[in-house]
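Subject: Structure handover

Hello,

Here is the structure we spoke about. Please open it alongside this email; my notes follow below.

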Amino acid sequence: MKTRIGLVVLSLFLSLLIGISLGNRHSGASSGKDAKDTGVVIGLSMDTLQEARWQADRDIFVARAEELGASVLVQSANSDDTRQMQDIQSLISNRVDVLVIVPHNGKAMARAVKLAHEAGIPVIAYDRLINDSELDLYISFNNILVGELQAQFLVQHLPKNRPARIVRLYGAKTDHNSFLFKQGQDNVLQPLIDAGDIIVLHEDWAENWKPENAKKITNAAITRHGTDFDAILSSNDGMAGGAIQALREEGIAGKILVTGQDAELVACQRIVAGQQAMSIYKPIRNLATQAAEYAVKLARGKPVIVRDSMFNGLIDVPSVLLDVITVTRDNIRETVIADGFHSYEDVYRSIPASQRPPRLHSQEHP
Ligand code: GAL
């Protein structure tokens with residue numbers, strides 16, 4: 001009898017010990033509230049930190065996750081698929097509770113989703129869709145709307161008295177978003193192209209969204225067609241920067257309409273200086289914060305109910321598609337500056353004080 005009681009006490013003591021050790025498996029998570037006891041660990045695998053936006057995505061995501069008592073293991077693959085697969089395999093072997101992936105190549109990462117699910121780990125695709133897989137959640141902006149707003153801006157500002165001549169710069173072919181941006185642009189442009197009102201002189205895809213590749217495409221367009229064209233429909237700011245460099249070399253920067261996306265600081269500075277016509281502001285704070293919240297929910301096995309879905313070639317992935325805003329010289333104070341995405345000083349840094357528009361009331365004397 002005594003030995004049996006002894007055994008019961010011993011097993012109770014052991015299970016307590018195991019319980020505590022499991023709880024601390026992922027500790028070392030940073031400071032803060034009791035919630036941390038959940039010990040949720042999120043694996044965040046990023047394609048790149050090349051564009052300024054991705055650094056902001058990472059920082060806001062990690063901060064919100066830690067507020068919720070979780071910790072985040074971050075990996076960046078420098079646009080290398082093999083490296084990203086290795087990153088994900090190491091996060092899986094670290095037994096993270098949920099994986100959040102910004103895929104370099106949406107198709108290549110289908111296998112990563114399979115591996116994660118075999119290990120019982122749910123997967124969220126962040127900003128870019130992962131194709132042909134049983135994804136648990138896709139969270140991004142309304143990327144077709146991005147393309148539509150870029151093209152609508154262009155159409156409003158192109159000459160109407162003759163066919164307009166444009167160059168089109170698409171993003172990386174490995175990135176599903178590039179096709180969504182193009183689809184949105186086509187939704188607006190195709191009828192005008194069919195009617196002969198718009199002529200696409202030159203178009204191409206920039207590998208890895210690299211500005212230098214966008215510059216090369218713009219150089220090729222100028223070599224073939226000269227500088228007699230009206231606009232460059234660039235899918236993001238990084239590429240717009242490369243294209244504008246090519247225009248500067250021809251002395252025509254500011255004379256050709258150039259679009260963009262991401263409202264990067266350098267792009268906002270180009271916009272107020274008249275070298276870039278517009279960008280698309282995507283409030284990253286909304287995306288990164290909500291993604292962290294969904295990640296913690298999935299990690300805790302909580303149901304995630306969302307309104308949208310997107311077909312990824314295999315399933316209709318439950319999706320969250322956030323709103324975006326067109327940014328021009330006329331509304332930059334009311335949008336990116338009012339939102340605190342960039343400061344008034346930073347945006348107008350290269351503009352003499354006498355030529356700057358006044359601060360909005362809410363922005364006086366920060
Ligand atoms: C896209 C993203 C854009 C852009 C690009 C380059 O997927 O939605 O914001 O920056 O990647 O990284």
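Asn208 is buried, because its relative accessibility is 18% and the cut-off for buried is under 20%. Please keep in mind that this is a predicted model. Asn208 sits in the loop between strand 7 and helix 7 (211-225). Its phi is positive, about 55 degrees, although Asn208 is not a glycine. Most residues other than glycine have a negative phi. Trp209 lies in the loop between strand 7 and helix 7 as well. Trp209 is no glycine either, and has a positive phi of about 60 degrees. With a relative accessible area of 7%, Trp209 is buried.

Next, the ligand. Which residues come nearest to it? Of the 13 residues around the ligand, they are Glu51, Asp127, Arg128, Asp175 and Asp262.

- Glu51: an N or O atom of its side chain is 2.9 Å from a ligand oxygen.
- Arg53: an N or O atom of its side chain is 3.0 Å from a ligand oxygen.
- Asp127: an N or O atom of its side chain is 2.7 Å from a ligand oxygen.

Taken alone, the ligand exposes 300 Å², and the protein buries 100% of that.

Now Lys282. Is this residue buried or exposed? Lys282 is buried, with a relative accessible area of 3%. It belongs to the loop between strand 10 (279-281) and helix 10 (284-299). The Lys282 side chain makes a polar contact of 2.6 Å with the side chain of Gln261. Leaving aside neighbours within four places in sequence, Lys282 is in contact with several residues, including Arg53, Asp127, Phe181 and Asp262. Two of those names come up again around the ligand: Asp127 and Asp262 are among the residues that come nearest to it. Phe181 leads on to helix 6, where it is one of the buried residues.

Helix 6 covers residues 176-194, 19 residues in total. From its first C-alpha to its last it reaches 26 Å, close to the 27 Å expected at 1.5 Å a residue. Where does helix 6 bend? The bend is at Val188, by about 45 degrees, and Pro191 follows within four residues.

At the start of helix 6, look at Asp175. A side-chain oxygen of Asp175 reaches to within 2.8 Å of the backbone nitrogen of Asn177. Asp175 is also among the residues that come nearest to the ligand. After helix 6 comes Gly196, with a positive phi near 85 degrees.

The buried residues of helix 6 include His176, Asn177, Leu180, Gly184, Val188 and Leu189. What do they pack against? Their partners are strand 5 (137-141), helix 5 (143-157), strand 6 (164-170), strand 7 (198-205), strand 8 (231-234) and strand 11 (308-311).

Last, Arg64. It is in helix 2 (residues 52-67). At 21% relative accessibility, Arg64 counts as partly exposed, because buried means under 20%. The side chain of Arg64 makes a polar contact of 2.5 Å with the side chain of Glu67. Not counting residues up to four places away in sequence, Arg64 touches Thr289, Ala292 and Glu293. The C-alpha atoms of Arg64 and Ala291 are separated by 9.1 Å, and the two residues are 227 residues apart along the chain.

Best wishes

Technical notes
Residues are numbered from 1 along each chain as its sequence is written. This is a predicted model: local features need pLDDT of at least 70, side-chain atom pairs count only at pLDDT 80 or more; totals for chains, interfaces and linings use all residues. Side-chain values use heavy atoms; hydrogens and water are left out. Helices (H or I, at least four residues) and strands (E, at least two) are DSSP runs, numbered from the N terminus. The expected span of a helix is 1.5 Å times one less than its number of residues. The bend at a residue is the angle between axes fitted to the seven residues ending there and the seven starting there. Buried means under 20% relative accessible area, exposed over 50%, partly exposed in between (1.4 Å probe, protein chains only). Contact means heavy atoms within 4.5 Å. A polar contact is a pair of N or O atoms within 3.5 Å; within protein, one must be able to donate a hydrogen and the other to accept it, and residues adjacent in sequence count only if both atoms are side-chain atoms. A residue is near a molecule or strand if one of its heavy atoms lies within 4 Å of it. Accessible areas come from the Shrake-Rupley method with a 1.4 Å probe; for residues, only the protein chains shown count as cover.
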